[in-house]
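Have a look at it first, then read on.

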Amino acid sequence: MKFFIDTANLDEIRAAAELGMLDGVTTNPSLIAKIAGDPGNFTYRDFKEHIARICEIVEGPVSAEVTCLDSREMIVEGEELADIHENVVIKCPLTIDGLKAIRHFSDHGIRTNATLVFSPNQALLAAKAGASFVSPFVGRLDDISTEGMALVEQIVHIYDNYGYATEVIVASVRHPQHVVESAMLGADIATIPFSVIRQLVNHPLTDLGLKKFMEDASVMKK
Ligand code: E4P
């Protein structure tokens, strides 16, 4: 399973990349707003430069989201974003306009990530439109008392039935159990916040065992 990091924070991206297991990055307008500081001073050009900096750190797909609703505008914006770097993937919302844009990009060899996906039919449409990636948001479904991982199971099953090449990115990951279940279900990718990536490492028995080993190692003469 591939690990993407779900952040636009360069320090977090660098730290995750240093672990040697970072396969890509996903951003969205809310994550960009977090690093933008004073919104009045952050321009669209700054956004594009920021995406370029991410591409310098990570060798893998970097999702940059369009910031408009009309398919023609999405196409113009997406083509500009795709020009930043060959690893840029255009993130489009799962709407009628988003699907039209995804089809356009797919026909022109530009990779896309269908985002804000909350149902199996939306995922089916994304695959039929030629999306490279689909992003079911499991945490946001859990937030409304709906089993987010059940959606991932349905999508993986449907894509397997028809051999769709669209890769499933489990998104809106909130905790390590989401990562375990993603792997159990055979999702292609989990995009994980940095705080959760760090949690994956931890186990109290590892800490306890290591403490004892260090104590016992200290009896050895160097
Ligand atoms: C996915 O690509 C999104 O950026 C992200 O996973 C959304 O997560 P959230 O529900 O925590 O905002």
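The largest pocket is lined by 24 residues, and those nearest its centre are Asp6, Asn28, Leu31, Lys34 and Pro193. A pocket here, on a 1 Å grid over the protein atoms alone, is an open set of points with protein on both sides within 12 Å along at least five of seven lines, and lining residues have an atom within 4 Å of a point. This is a predicted model: local features need pLDDT of at least 70 and side-chain atom pairs count only at pLDDT 80 or more, while totals for chains, interfaces and linings use all residues. Residues are numbered from 1 along each chain as its sequence is written, and side-chain values use heavy atoms, with hydrogens and water left out.

Back to that pocket. Its volume is about 410 Å³, a volume being the space filled by probe spheres set on the grid points, which are joined across faces, edges and corners. Helices α2 (29-36) and α10 (194-201) each supply at least two residues of the pocket's lining, and α2 gives the most, with four residues. Helices are DSSP runs of H or I with at least four residues, numbered from the N terminus. Sorted by class, the pocket lining has eight nonpolar, 10 polar and six charged residues. In this sorting, Ala, Val, Leu, Ile, Met, Phe, Trp, Tyr, Cys and Pro count as nonpolar, Asp, Glu, Lys and Arg as charged, and the others, Gly among them, as polar.

The structure holds one cavity of 30 Å³ or more, and about 40 Å³ of space lies in the largest cavity. Phe3, Ala16, Leu19, Met21, Leu22 and Ile197 line that cavity, giving a lining of six nonpolar, no polar and no charged residues.

Now for the helix pairs. Axes are lines fitted to C-alpha atoms, for helices over the stretch in contact, and angles run from 0 to 180 degrees between N-to-C directions.

| Helix pair | Angle | Axis separation |
|---|---|---|
| α4 (71-82) and α5 (96-107) | about 45 degrees | 8 Å |
| α6 (120-129) and α8 | about 40 degrees | 9 Å |
| α8 (148-162) and α9 (176-185) | about 20 degrees | 10 Å |

The angle of about 20 degrees makes α8 roughly parallel to α9. Angles under 35 degrees count as roughly parallel, over 145 as roughly antiparallel, 65 to 115 as roughly perpendicular and the rest as oblique. The crossing of α8 and α9 is right-handed, meaning that the near helix is turned clockwise from the far one by less than a right angle. In contact (heavy atoms within 4.5 Å) are Met149, Val152, Glu153 and Val156 of α8 with His178, Glu181, Ser182 and Leu185 of α9. These residues divide into four nonpolar, two polar and two charged.

Helix α8 also has a right-handed crossing with α6. Pro120, Ala123, Leu124, Ala126 and Ala127 of α6 touch Leu151, Gln154, Ile155, Ile158 and Tyr159 of α8. That contact has nine nonpolar, one polar and no charged residues.

Finally, α4 and α5 are oblique to each other, and their crossing is right-handed.

Methods: On a 1 Å grid over the protein atoms alone, a cavity is a set of points where a 1.4 Å probe fits but cannot get out, and a pocket is an open set with protein on both sides within 12 Å along at least five of seven lines; lining residues have an atom within 4 Å of a point.
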